[in-house]
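Visitor: I have just opened this entry and would like to learn how to read it. Could you walk me through it?

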Amino acid sequence: MNTPKLYVAIPAMDELQDLPATLQDLAAQSAISSFEIYICVNQPEEYWQNPDKKQICDNNQQLLRWLTEHAEKNIHVLDYASPGKGWTGKKFGVGWARKVLFDHILTFANPDDIIVSLDADTRIRPGYLSSILTNFKEHPAVPAISVPYYHPLTDEEANDRAILRYEMYMRNYAINLYKIGSPYSFTAVGSAIAMRAKALRKIGGITPVKSGEDFYLVQKLRKMAPISNWNEEMVYPAARFSNRVFFGTGPALIKGSQGSWESYPIYHHSLFKAIDETYHHLPELYTEDIETPFLTFLQQQMPNTKNPNESIWQSIRNNVKDLPHFVQAFHEKADGLRILQFLRQEHKEKTMAEESALYENLKHWIGDATPDWYHENSTFDTMSTEQLQELREHLFRIEMDERKDSSSTII
């Protein structure tokens, strides 16, 4: 069998400062002889008429010139930034940039070729691409990898405190899902996804939403088949304030630095018990309607519009041949988005401070291994950056263990 070819897809808007370093990292990749890089320099066309966006327009033009002067033979540029070439109407944002990149690559990629999604401000070590290739070779049934990530600190206190708090939210959420064995135990980071071309084709490509396209992409891949959450090498996304997307790390840091973390709460582990309880009762649900808080929520969100007198679960029972197919159909409905919606609803009813929730979660997971200085009345605002970093490290190690364990069960 021929060795799969790797295609690296990078969206870029206002990235002259960061993209050259990422390309240097790619040029330094070891143990891999050939790969192609596709960069989509992009912006809305209307930016050309907006004085407030002049800096972005100028930056993109400088980047295009820099790429023309410095690009190696394996670097290919898709220009969606020059006058007359930008996004128009509702087609704009990083979601559309990724779609254009992926669709372009799919026009010539072989089924087993690999598409590596990266960002212009994400650093990688010399062995990253070879680790992705090896991972897919060793696990031929895996369609995609949700790659581990780690945000390096910047020595700018406000920035570092914000990214540490944001990582606590992401890692706490992921760990809780791993602990209950949810099929949607993954963290969708746009610069930390790799997939087989045939898998991307099979799910119909990426859904080009304004932001959060990485979440919907990984969810679609997971609905198709179990994915891997483990890789020997990880990515190192930049931790920076940015409003170029509507949802994600950059906006989270901006909101968090202003004291607004409502959209990124620390969920207490007890909130996941209702989901876990439902998972354990799926054999019963296959034969009759039962009640759990999660099932009640799902029924409210997804009523049986075709037959209002019949539950959605009965509708599924009527169309599956056995329990395994029922479980699969259940998880199609009770997906990652529904889980998040349920948790947000339940979290509003819980009055516990988020610092206390994290304290109890860590005690629940690692017991006395929690730091001596950490107690249930600790507050994120009074913790030092070093203490926040220590908590991040604990969560990071727990999550890495969970990622490795969960991936070993499917491969």
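Guide: We will go from the whole chain to single residues.

Guide: This is a predicted model, where local features need pLDDT of at least 70, side-chain atom pairs count only at pLDDT 80 or more, and totals for chains, interfaces and linings use all residues. Residues are numbered from 1 along each chain as its sequence is written, and side-chain values use heavy atoms, with hydrogens and water left out.

Visitor: How many helices and strands does the chain have?

Guide: Helices (H or I, at least four residues) and strands (E, at least two) are DSSP runs, numbered from the N terminus. Here the chain has 16 helices and eight strands.

Visitor: What does the radius of gyration say about the chain?

Guide: The radius is taken over C-alpha atoms, and the globule rule is 2.2 Å times the number of residues to the power 0.38. For 411 residues, a compact globule would have a radius of gyration near 22 Å, and the chain agrees because its value is 22 Å. Along the principal axes, the C-alpha atoms fill a box of roughly 65 × 55 × 45 Å.

Visitor: What percentage of the residues count as buried?

Guide: Buried means under 20% relative accessible area, exposed over 50%, and partly exposed in between (1.4 Å probe, protein chains only). In this chain, 56% of the 411 residues count as buried. Accessible areas come from the Shrake-Rupley method with a 1.4 Å probe; for residues, only the protein chains shown count as cover. The accessible surface of the chain comes to about 18800 Å², with 48% of it belonging to carbon and sulfur atoms.

Visitor: What share of the contacts join residues at least 24 apart?

Guide: Contact means heavy atoms within 4.5 Å. Taking contacts between residues at least 6 apart in sequence, 77% join residues at least 24 apart.

Visitor: How far apart are the mean positions of the positive and negative charges?

Guide: Lys and Arg count as positive and Asp and Glu as negative, while His and the chain ends are not counted. The place of a charge is NZ of Lys, CZ of Arg, CG of Asp or CD of Glu. In the chain, the mean positions of the 42 positive and 54 negative charges are 7 Å apart.

Visitor: How many disulfides does the structure hold?

Guide: A disulfide is a covalent bond between the sulfur atoms of two cysteines. For counting, it is a pair of cysteine sulfur atoms within 2.5 Å. The structure holds zero disulfides. C40 is in none, and its nearest cysteine sulfur, that of C57, is 15 Å away. C57 is likewise in no disulfide, with the sulfur of C40 as its nearest at 15 Å.

Visitor: Where does C40 lie, and is C40 buried or exposed?

Guide: C40 sits in strand β2 (residues 35–42). Its relative accessibility is 0%, so C40 counts as buried. C57 is buried too, with a relative accessible area of 2%. Leaving aside neighbours within four places in sequence, C40 is in contact with several residues, including L78, Y80 and W87.

Visitor: How many residues of helix α4 are buried?

Guide: Helix α4 (residues 128–138) is mostly covered, with eight of its 11 residues buried. Among them are Y128, L129, I132 and F136.

Visitor: Is H331 in helix α13 buried or exposed?

Guide: H331 is buried, with a relative accessible area of 13%, and helix α13 spans residues 323–333. Beyond neighbours within four places in sequence, H331 is in contact with P183, Y184, Y279 and L282.

Visitor: Where does I206 lie?

Guide: I206 lies in the loop between α6 (197–202) and α7 (213–224). I206 is buried, with a relative accessible area of 4%. Leaving aside neighbours within four places in sequence, the contacts of I206 include G95, F102 and L217. The C-alpha atoms of I206 and H347, 141 residues apart along the chain, are separated by 30 Å.
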